[in-house]
Each structure stands twice: as C-alpha cells, then as structure tokens.
Amino acid sequence: MKLYSSRRNGRLPTIALLSIFLFVASCDGNTTSPAPPPNPGTTLTPPVQRVIGIQAGHGNGDSGASLCSGANKIPGIDNEADLNLAIANKVVELLRSVNGYTVHLYVGKDSRMKGLKADAFVAVHADQGKPGISGYKVSRFGGQKGSGLDGSGDASDRLVQAIWDEYGSATGLIKDTSPGHFTDDMLYYYALGWIDTSTPGAIIEMGWLCDDLPILLYEQERVAHGIARGIVKFLGDSTAQLPPIPTRLPPTQSPVPSVTQEISGVLFTINANRGWQDTGISIVRGSQVSIEYVSGLWFEDPPGQWHDASGEPNPWICTAPTCHEPSHDFPKYALIGKIGEGGALLKIGNGLDFVAEAETTGILYLRPNYGDVDIPIHNPQGAVTVTITIR
Ligand SMILES: [Zn+2]
C-alpha cells in the first residue's frame, strides 16, 4: 500500500513505478497484471495452510435439545446432537476440499479443545423452541445479545459477522436478533472459553427445531455450505474453492412451458407473513400435481394456539363480503394456491391432488388464506412446509 501511494505522489520515475506496481500486483496474484499466466508446468505458490476446528454441540450421551413433537423426522437424527453432528460432518467435508485446510472435528466436551490454537473455531448447535419461531443466531465468547458481537471488530467479531452473512444467504433463513433468544450458555459458550484466546471462535444456533426443521433436516448441504462459506470468507480465502451451493429446487428445464417437468417430493416452505410465494415450479397442462403438508405451524390466534395448513385447530371461515381472506369459503389460515399470476384459487389445506386443466399452465404460487391482497395487516409468525410432486 505504501508503494502504491508513492506512485500516486509521483516521486519516482514512471518506469520504476510501473515495475513496482507489477511486482506488487504479481505478489497479490492480481489478475489485472499484464504478465502472462504461468504455464501448467510452472511451480505455483503452495496453498495457504489453515487449521480449523469444528465442534458438533452435545453428543457422547448428551442429546441436546428435542426435535419438535409431531415433526417428520429422518433416520438417524432423533435429537439436536444427531443433527449437529450430521451438519458438522458436512462442514468438515466441505472445508477439507479446500487446498491447504486442515480441519478437526470435536464432538461435545472433547478436552482436546482446551488451549486449541487454530485459524478459526466454530461450534454448531440448534435451538429448541415452540412453533412460530424461526431464524439463526451467531455469537462469539462475550458477544452482546442481539448481535453476538462485542463491537471490538477483532477476529472473533469478523468471524461471527462472516457467518451471519453467509449462512443466511445459503439457507434463506432469517436472522434471529431477538435479545431474549441469546442465552448466557450461548454468549459464554464453554468451548469458546476453552480454546486459546488467540483462536477466533464462534457459535452458531442454526435454527429452531420446529419451524426450521425442514431446512435443517432436508437441506443439510445448504446449511453446511452456509457455515463453511462464512469460515472461508473470514479467512480471506476464495469461496470459489468450495463446490457450488446446491439449488433448492431443480432448475427449470425450459422457459417454454411445454416440456413436461417431473418433480418428486420437493420441499417448499410458505411463510405466514407474505402474500403469494413463487415456488419456482412450472406446471403444464395435464400434469398430475400433489401438494402435501409436511410440518410447521403458523398464525398464533388466539394466543398460544397455532394453526396448521388446514387452519386446524378450530378452523374458522369468514364468509362476510368484508372479509380480507382471498377465499371466502375456505378456512382462515389454510393453505391456498394458484397456477400462473391470474390462476383460479386452489384450496389446498393439508393436501390436494389434482390434474392441471387446459387453462392452468404457469408457475405454482402458494400463500395462506389470510389478510388483504398484501399481508401483513399485523405481522403474523410461523411457516408451513409442503412437499410438491408433479407427474
Ligand atoms: Zn445445543
């Protein structure tokens, strides 16, 4: 940087400055350097060596938090400890794919974490909660409620911030910045107190084990990518060394909706606080469409009572012409859909199988039967997840 400012001051002859500039550029591996690229046979600079520690929270007899009762589960994941380990393994695998990275996995209270010196350390957890709460949190040791940072801007702050940024964009989960959700167990996490004070450390609560369970169970690659990318970004290395983040839905095969698109059991989450939500799935005439409720609850009404995709319990139909619901003969808070921007309303509830008619070709949209054209009229909470199958 000093050399660069000397050049701008114009104190040195142009040729000397240009060669200094080229020297600096090539040291940085800057692609703007006009020097020819090295031949394949040329010895390249060895990759930067990094040591990273990943801890799967709980385990070794401590099961951690429980999964939401009634949730669809997957084999081998019965509690938070199982989930943390599954994700931590994937994070380790992703990071080990980067040249020069040495990655250690710790499970629960592994004493090898005491005095650990590493370039980064991240503990992986998930939160137990009631339906209606969603989002992830990140903190350092001694972080503040709401941000998880201590404001010093040091390496741990930067690691925490990088994970905040990357995890959200990889998973689509929202940031949970409710101060009350940052417990002392998290803000003063024991393992972050065990590692060497020189080691940048963070803990992530990946989401809540009710509403966020579909993503944490069925989209683990994206979850792991979010954590791994945060670490790589913090270390200042290129995330291009990681494989691409898997897409949530199969890519659309053709912009022309004449190609039959077969989809089997794709998960899609519909939020309470949004209007029509684009599934990215195009439905063509004659397709057999199946939409099934999987998990999640939304709309706390009255207090303490959450509803599923059929509007249960105590479903209520608002029949008056002044009602705000898009459908006046289907329960409030039930799941509805349409195919194409101007498609007829589909009354889905907890499940619907139908064959798309001649006029119904277009994108499948889903939303709750609630509110004005644009909700929210107040800010409803929660989400439901469905599987969508097209044949
Ligand atoms: Zn935990």
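Modeller: A residue is called buried if 20 or more other C-beta atoms lie within 10 Å of its own, exposed if 12 or fewer do, and partly exposed in between, the C-beta atoms being placed from the backbone. The model here is a predicted one, in which local features need pLDDT of at least 70 and side-chain atom pairs count only at pLDDT 80 or more, while totals for chains, interfaces and linings use all residues. Residues are numbered from 1 along each chain as its sequence is written.

Colleague: Is G129 buried or exposed, then, and why?

Modeller: G129 counts as buried because it has 20 C-beta neighbours inside 10 Å. This glycine sits in the loop between β3 (120-127) and β4 (137-139), where helices (H or I, at least four residues) and strands (E, at least two) are DSSP runs numbered from the N terminus.

Colleague: Which residues is G129 in contact with, leaving aside its neighbours within four places in sequence?

Modeller: Two residues are in contact if their C-beta atoms, placed from the backbone, lie within 7 Å, and on that basis G129 touches W208, L209 and C210. By C-alpha to C-alpha distance, G129 and C68 are 7.6 Å apart in space, although 61 residues separate them in sequence.

Colleague: How do I read a helix crossing, and how do α3 and α8 cross?

Modeller: Axes are lines fitted to C-alpha atoms, for helices over the stretch in contact, and angles run from 0 to 180 degrees between N-to-C directions. The axes of α3 (residues 80-96) and α8 (residues 220-234) come within 8 Å and cross at roughly 55°. That makes α3 oblique to α8, since angles under 35 degrees count as roughly parallel, over 145 as roughly antiparallel, 65 to 115 as roughly perpendicular and the rest as oblique.

Colleague: Which residues of α3 and α8 make the contact?

Modeller: From α3 come A86, I87, K90, V91, L94 and L95, and from α8 come Q220, E221, V223, A224, H225, I227, A228 and I231.

Colleague: Which strands pair with β13, and in what sense?

Modeller: Two strands pair if DSSP finds at least two bridges between them. Strand β6 (residues 263-271) pairs with β13 in the antiparallel sense over 7 bridges, and β8 (residues 288-295) pairs with β13, also antiparallel, over 6 bridges. T385 in β13 stands opposite T269 and also opposite S295. Strand β13 (residues 383-390) is mostly covered, with 6 of its 8 residues buried.

Colleague: How many helices and strands does the chain have?

Modeller: The chain comes to 8 helices and 13 strands, and buried residues make up 42% of its 391 residues.
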